Amino acid sequence: MAQRTAFVLHVRPEKIDEYVDAHRSVWPEMLDALRAAGIGNYTIFRHGHDVFGYFEADDLAAAARFLAAQEVSARWQDAMADLLEERVPDAGPPALEEIFRLD
């Protein structure tokens with residue numbers, strides 16, 4: 001069964017349009033890295049200048065390790081860092097605590 005995780009990021013208010021635009025055209029090599037990490041069903045939602053992300057992987061820890069070792073992931077995080085109030089760690093954003101699930 002796939003493991004699921006979710007996170008919240010705070011985008012700089014003056015950079016929200018740039019953040020949205022970047023995610024309308026994510027680099028193909030970044031998409032390939034996400035898939036190679038075993039990540040799927042990845043969705044990001046927006047609420048004002050906050051974004052909520054959700055994705056699934058068979059092994060979240062292995063996916064995080066894989067992405068942390070990918071040069072393209074570091075470049076993507078560098079590109080996004082100026083748009084966010086706080087840079088995302090190389091191993092990925094801190095996960096939210098799951099408090100309810102309806103399967």
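The legends below describe close-up views of one predicted model. Residues are numbered from 1 along each chain as its sequence is written, and side-chain values use heavy atoms, with hydrogens and water left out. Because the model is predicted, local features need pLDDT of at least 70 and side-chain atom pairs count only at pLDDT 80 or more, while totals for chains, interfaces and linings use all residues.

**View 1. An open sheet of three strands, in the order E1-E3-E2.** The pairing in this sheet is antiparallel. Strands (E, at least two residues) and helices (H or I, at least four) are DSSP runs, numbered from the N terminus; two strands pair if DSSP finds at least two bridges between them. E1 (3-10) and E2 (39-47) stand at the edges with a single partner strand each, so one side of each has no neighbour in the sheet. On average, neighbouring strands are turned by 15° against each other, direction ignored. E1 and E3 (residues 50-57) are joined by eight bridges. Phe-7 stands opposite Gly-53 in E3.

**View 2. Helix H1 across the sheet.** H1 covers residues 16-24 and lies across E1, E2 and E3. The helix runs at about 155° to E2. Such angles run from 0 to 180 degrees between N-to-C directions, and the axes are lines fitted to C-alpha atoms, for helices over the stretch in contact (heavy atoms within 4.5 Å).

**View 3. Phe-7 and Tyr-42, an aromatic pair.** The whole structure holds five aromatic pairs. Rings of Phe, Tyr and Trp (its six-membered ring) pair if their centres lie within 6.5 Å; planes under 30 degrees apart count as stacked, over 60 as edge-to-face and the rest as tilted. The rings of Phe-7 and Tyr-42 are edge-to-face, at 6.4 Å centre to centre with 85° between the planes. Phe-7 lies in E1 and Tyr-42 in E2, so the pair ties together parts that are 35 residues apart in sequence. Phe-7 is buried, at 3% relative accessible area, whereas Tyr-42 is partly exposed at 36%. Buried means under 20%, exposed over 50% and partly exposed in between (1.4 Å probe, protein chains only). Ring pairs link Phe-7, Tyr-42 and Phe-55 into a cluster.

**View 4. Phe-45 and Phe-52, a tilted pair.** The ring centres are 6.0 Å apart and the planes stand at 35°. Phe-45 is partly exposed, with a relative accessible area of 48%. Phe-52 is also partly exposed, at 32%.

**View 5. Gln-77 in helix H4.** H4 spans residues 71-81. Gln-77 is buried, with a relative accessible area of 14%. Leaving aside neighbours within four places in sequence, Gln-77 is in contact with Arg-87 and Val-88.
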